[in-house]
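Here are a few notes to read with the structure open beside you.

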Amino acid sequence: MTIGRLIEGRGPVLTCDVSTTVREAASLLAERRIGALPVLENGEIAGIFSERDVIYRLHEFGPEMLNMLVGQVMTTPPVTVERDTSVMEALSLITRRRVRHLPVVERGHMIAFVSIGDLVKYRIDKIESEAAAMRDYIQTA
């Protein structure tokens with residue numbers, strides 16, 4: 001299974017710009033109940049702004065960090081995948097790089113955003129399906 005198949009039918013991705021304030025971006029995270037936002041600069045993926053960035057920068061700069069720009073505090077460069085990346089490769093990448101979100105890029109432009117939750121859900125569904133097939137096989141044998 002590839003990332004391309006996993007993202008089929010998804011709508012547009014919520015993003016922010018490098019010039020967005022941390023306060024505005026943190027509000028988006030809270031309102032949408034999401035853990036991260038891809039950050040764009042001139043229409044291209046420049047980084048990722050996550051809950052971790054808020055915590056780390058709050059510790060580093062104090063509450064004044066809310067007035068900083070996302071471009072100053074985001075995680076960069078972003079770790080990305082392409083449509084033809086397998087789900088297992090993406091899971092391995094997330095584990096090795098210790099990230100939770102991956103922008104999906106095509107010809108330099110972001111086309112989707114996947115989370116560790118998306119990938120783990122696919123794996124669990126696949127394992128459950130295989131287990132059900134095995135039970136059916138055993139019952140009919």
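1. Let's begin with Ser 50, which counts as buried because its relative accessibility is 12% (buried means under 20% relative accessible area, exposed over 50%, partly exposed in between, with a 1.4 Å probe and protein chains only). Ser 50 lies in strand β3, residues 44-50. Leaving aside residues up to four places away in sequence, Ser 50 touches Leu 29, Gly 35 and Ala 36 (contact means heavy atoms within 4.5 Å).

2. A word on the source: this is a predicted model, where local features need pLDDT of at least 70 and side-chain atom pairs count only at pLDDT 80 or more, while totals for chains, interfaces and linings use all residues. Residues are numbered from 1 along each chain as its sequence is written, and side-chain values use heavy atoms, with hydrogens and water left out.

3. Next, the helices (DSSP runs of H or I, at least four residues; strands are runs of E, at least two). The axes of α5 (residues 87-97) and α6 (residues 116-140) come within 10 Å and cross at roughly 135°, so the two are oblique to each other (angles under 35 degrees count as roughly parallel, over 145 as roughly antiparallel, 65 to 115 as roughly perpendicular and the rest as oblique). Val 87, Met 88, Ala 90, Leu 91 and Ile 94 of α5 make the contact with Ile 116, Leu 119, Val 120, Tyr 122 and Arg 123 of α6.

4. Finally, an open sheet of three strands runs in the order β4-β5-β6, with mixed pairing (strands pair if DSSP finds at least two bridges between them). β4 and β5 (residues 101-106) pair in the parallel sense over two bridges, and Glu 82 has Val 105 of β5 as its bridge partner.

Definitions and conventions:
Axes fitted to C-alpha atoms, helices over the stretch in contact; angles between N-to-C directions.
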